[in-house]
Amino acid sequence: MTLKEAQQEVDSWIKKYGVRYFSELTNMAVLTEEVGELARVMARKYGDQSFKEGEKDNVEEEIADVLWVLLCIANQTGVDITEAFARSIEKKTKRDQARHINNPKLLMLTTSTAAGTVPRTLQLRFTRTISALFCRKAL
(Lines give C-alpha, C1' and ligand atoms only; values in the text may rest on other atoms or scores of the structure.)
Protein backbone atom coordinates (compact mmCIF):
# COMPACT_ATOMS: atom_id res chain seq x y z
CA MET A 1 0.00 0.00 0.00
CA THR A 2 1.38 3.41 -0.94
CA LEU A 3 1.08 6.49 1.25
CA LYS A 4 -1.51 7.88 -1.16
CA GLU A 5 -3.53 4.66 -0.95
CA ALA A 6 -3.25 4.75 2.85
CA GLN A 7 -4.56 8.32 2.88
CA GLN A 8 -7.47 7.29 0.67
CA GLU A 9 -8.17 4.21 2.81
CA VAL A 10 -8.34 6.32 5.98
CA ASP A 11 -10.64 8.81 4.27
CA SER A 12 -12.95 6.03 3.05
CA TRP A 13 -13.06 4.47 6.53
CA ILE A 14 -13.86 7.80 8.16
CA LYS A 15 -16.70 8.42 5.70
CA LYS A 16 -18.11 4.91 6.11
CA TYR A 17 -17.66 4.26 9.86
CA GLY A 18 -16.40 7.39 11.55
CA VAL A 19 -19.24 9.77 10.61
CA ARG A 20 -16.73 12.63 10.28
CA TYR A 21 -13.18 13.55 11.18
CA PHE A 22 -12.55 14.81 14.70
CA SER A 23 -11.47 18.44 14.69
CA GLU A 24 -7.86 19.14 13.80
CA LEU A 25 -7.09 20.15 17.37
CA THR A 26 -8.69 16.98 18.75
CA ASN A 27 -6.68 14.89 16.31
CA MET A 28 -3.52 16.69 17.43
CA ALA A 29 -4.34 15.66 21.00
CA VAL A 30 -5.08 12.09 19.83
CA LEU A 31 -1.73 12.04 18.00
CA THR A 32 0.03 13.11 21.19
CA GLU A 33 -1.76 10.31 23.06
CA GLU A 34 -0.77 7.72 20.45
CA VAL A 35 2.87 8.84 20.46
CA GLY A 36 2.82 8.50 24.25
CA GLU A 37 1.53 4.95 23.95
CA LEU A 38 4.33 4.16 21.50
CA ALA A 39 6.85 5.76 23.86
CA ARG A 40 5.61 3.57 26.74
CA VAL A 41 6.14 0.38 24.72
CA MET A 42 9.55 1.55 23.47
CA ALA A 43 10.66 2.33 27.05
CA ARG A 44 9.59 -1.14 28.14
CA LYS A 45 11.07 -3.00 25.17
CA TYR A 46 14.27 -1.06 24.47
CA GLY A 47 14.74 1.07 27.58
CA ASP A 48 15.28 0.38 31.24
CA GLN A 49 11.67 -0.33 32.17
CA SER A 50 10.00 -3.74 32.11
CA PHE A 51 6.47 -4.55 30.99
CA LYS A 52 3.83 -4.43 33.71
CA GLU A 53 1.50 -7.37 34.17
CA GLY A 54 -1.08 -7.27 31.38
CA GLU A 55 0.96 -4.97 29.11
CA LYS A 56 2.04 -6.32 25.76
CA ASP A 57 4.80 -5.66 23.28
CA ASN A 58 2.68 -4.08 20.54
CA VAL A 59 5.14 -1.73 18.85
CA GLU A 60 3.63 -2.46 15.42
CA GLU A 61 0.13 -1.58 16.59
CA GLU A 62 1.25 1.67 18.21
CA ILE A 63 3.24 2.75 15.14
CA ALA A 64 0.21 2.03 12.96
CA ASP A 65 -1.99 4.06 15.33
CA VAL A 66 0.39 7.03 15.05
CA LEU A 67 0.36 6.72 11.24
CA TRP A 68 -3.47 6.54 11.22
CA VAL A 69 -3.83 9.83 13.07
CA LEU A 70 -1.12 11.49 10.96
CA LEU A 71 -3.03 10.46 7.84
CA CYS A 72 -6.25 11.85 9.34
CA ILE A 73 -4.54 15.18 9.99
CA ALA A 74 -3.05 15.19 6.48
CA ASN A 75 -6.49 14.56 4.98
CA GLN A 76 -8.11 17.26 7.09
CA THR A 77 -5.52 19.88 6.21
CA GLY A 78 -5.27 19.03 2.51
CA VAL A 79 -1.72 17.69 2.68
CA ASP A 80 -0.68 15.15 0.05
CA ILE A 81 1.50 13.07 2.33
CA THR A 82 3.35 11.43 -0.59
CA GLU A 83 4.47 14.80 -1.95
CA ALA A 84 5.19 16.19 1.52
CA PHE A 85 7.28 13.14 2.43
CA ALA A 86 9.26 13.35 -0.83
CA ARG A 87 10.01 17.03 -0.11
CA SER A 88 11.06 16.12 3.43
CA ILE A 89 13.53 13.50 2.19
CA GLU A 90 14.92 15.99 -0.33
CA LYS A 91 15.30 18.66 2.39
CA LYS A 92 17.05 16.28 4.77
CA THR A 93 19.34 14.99 2.04
CA LYS A 94 20.46 18.50 1.08
CA ARG A 95 20.87 19.58 4.70
CA ASP A 96 22.38 16.43 6.20
CA GLN A 97 24.17 14.62 3.38
CA ALA A 98 27.57 14.95 5.09
CA ARG A 99 26.47 15.80 8.64
CA HIS A 100 25.91 12.29 9.98
CA ILE A 101 28.72 10.65 8.03
CA ASN A 102 31.18 13.08 9.66
CA ASN A 103 29.69 12.85 13.16
CA PRO A 104 32.29 11.26 15.45
CA LYS A 105 29.56 10.26 17.91
CA LEU A 106 28.05 7.99 15.27
CA LEU A 107 31.43 6.54 14.33
CA MET A 108 32.08 5.16 17.84
CA LEU A 109 32.83 1.48 17.89
CA THR A 110 30.16 -0.64 19.52
CA THR A 111 30.23 -4.06 21.08
CA SER A 112 27.48 -6.54 21.85
CA THR A 113 26.90 -7.57 25.44
CA ALA A 114 24.19 -9.47 27.28
CA ALA A 115 22.53 -6.07 27.83
CA GLY A 116 22.67 -5.20 24.13
CA THR A 117 24.99 -3.12 22.01
CA VAL A 118 26.98 -0.51 23.92
CA PRO A 119 29.75 1.88 22.88
CA ARG A 120 33.11 0.10 23.09
CA THR A 121 34.59 2.95 25.15
CA LEU A 122 31.83 2.54 27.77
CA GLN A 123 32.31 -1.21 27.84
CA LEU A 124 36.09 -0.81 28.32
CA ARG A 125 35.56 1.69 31.16
CA PHE A 126 33.12 -0.70 32.84
CA THR A 127 35.51 -3.66 32.46
CA ARG A 128 38.42 -1.67 33.93
CA THR A 129 36.28 -0.53 36.85
CA ILE A 130 35.14 -4.07 37.65
CA SER A 131 38.70 -5.38 37.28
CA ALA A 132 39.98 -2.72 39.64
CA LEU A 133 37.36 -3.60 42.23
CA PHE A 134 38.19 -7.30 42.11
CA CYS A 135 41.93 -6.64 42.22
CA ARG A 136 41.50 -4.52 45.37
CA LYS A 137 39.43 -7.24 47.05
CA ALA A 138 42.09 -9.82 46.25
CA LEU A 139 44.76 -7.73 48.04
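The legends below describe close-up views of a predicted model.

Residue numbers start from 1 along each chain as its sequence is written, and side-chain values use heavy atoms, with hydrogens and water left out. Because the model is predicted, local features need pLDDT of at least 70 and side-chain atom pairs count only at pLDDT 80 or more, whereas totals for chains, interfaces and linings use all residues.

**View 1. Overall arrangement of the protein.** The protein contains five helices and two strands, where helices (H or I, at least four residues) and strands (E, at least two) are DSSP runs numbered from the N terminus. Along the sequence the pattern is α-α-α-α-β-β-α. Of the 139 residues in the protein, 17% are buried. Buried means under 20% relative accessible area, exposed over 50%, and partly exposed in between (1.4 Å probe, protein chains only).

View 2. Ala6, Gln7, Val10 and Ile14 are the buried residues of helix 1. Seen down the axis of helix 1, these buried residues fall within an arc of 100°, so they line one face of the helix. The arc is that of the directions from the helix axis to the C-beta atoms. Lys15 and Lys16 are exposed on the face of helix 1 turned away from its buried side.

View 3. Val19 lies in the loop between helix 1 (3–18) and helix 2. Its phi is positive, about 70°, although Val19 is not a glycine. Most residues other than glycine have a negative phi. Val19 counts as exposed because its relative accessibility is 76%.

**View 4. Length and sides of helix 2.** At 1.5 Å a residue, the 22 residues of helix 2 should span 32 Å, and its end C-alpha atoms are 31 Å apart, which agrees. The expected span of a helix is 1.5 Å times one less than its number of residues. Buried in helix 2 are Asn27, Val30, Leu31, Glu34, Leu38, Val41 and Arg44. They cover an arc of only 155° around the axis, which puts them on the same side of helix 2. Leu25 and Thr32 are exposed on the other side of helix 2.

**View 5. Packing of helix 2 with helix 3.** Two packed helices are described by the angle between their axes and the distance between the axes. For helix 2 (residues 24–45) and helix 3 (residues 59–77), the packing angle is about 160° and the axes are 9 Å apart. Axes are lines fitted to C-alpha atoms, for helices over the stretch in contact, and angles run from 0 to 180 degrees between N-to-C directions. Helix 2 and helix 3 are therefore roughly antiparallel to each other; angles under 35 degrees count as roughly parallel, over 145 as roughly antiparallel, 65 to 115 as roughly perpendicular and the rest as oblique. The crossing of helix 2 with helix 3 is left-handed, a term used if the near helix is turned anticlockwise from the far one by less than a right angle, with right-handed used if clockwise. The contact of helix 2 with helix 3 has 14 nonpolar, three polar and seven charged residues. Ala, Val, Leu, Ile, Met, Phe, Trp, Tyr, Cys and Pro count as nonpolar, Asp, Glu, Lys and Arg as charged, and the others, Gly among them, as polar.

View 6. Glu60 is in helix 3 and, at 59% relative accessibility, counts as exposed. Its C-alpha atom is separated by 9.0 Å from that of Leu38, 22 residues apart along the chain. Ala64, also found in helix 3, is partly exposed, with a relative accessible area of 41%. Asp65 is in helix 3 and is partly exposed, with a relative accessible area of 25%. Between the C-alpha atoms of Asp65 and Leu31, 34 residues apart along the chain, the separation is 8.4 Å.
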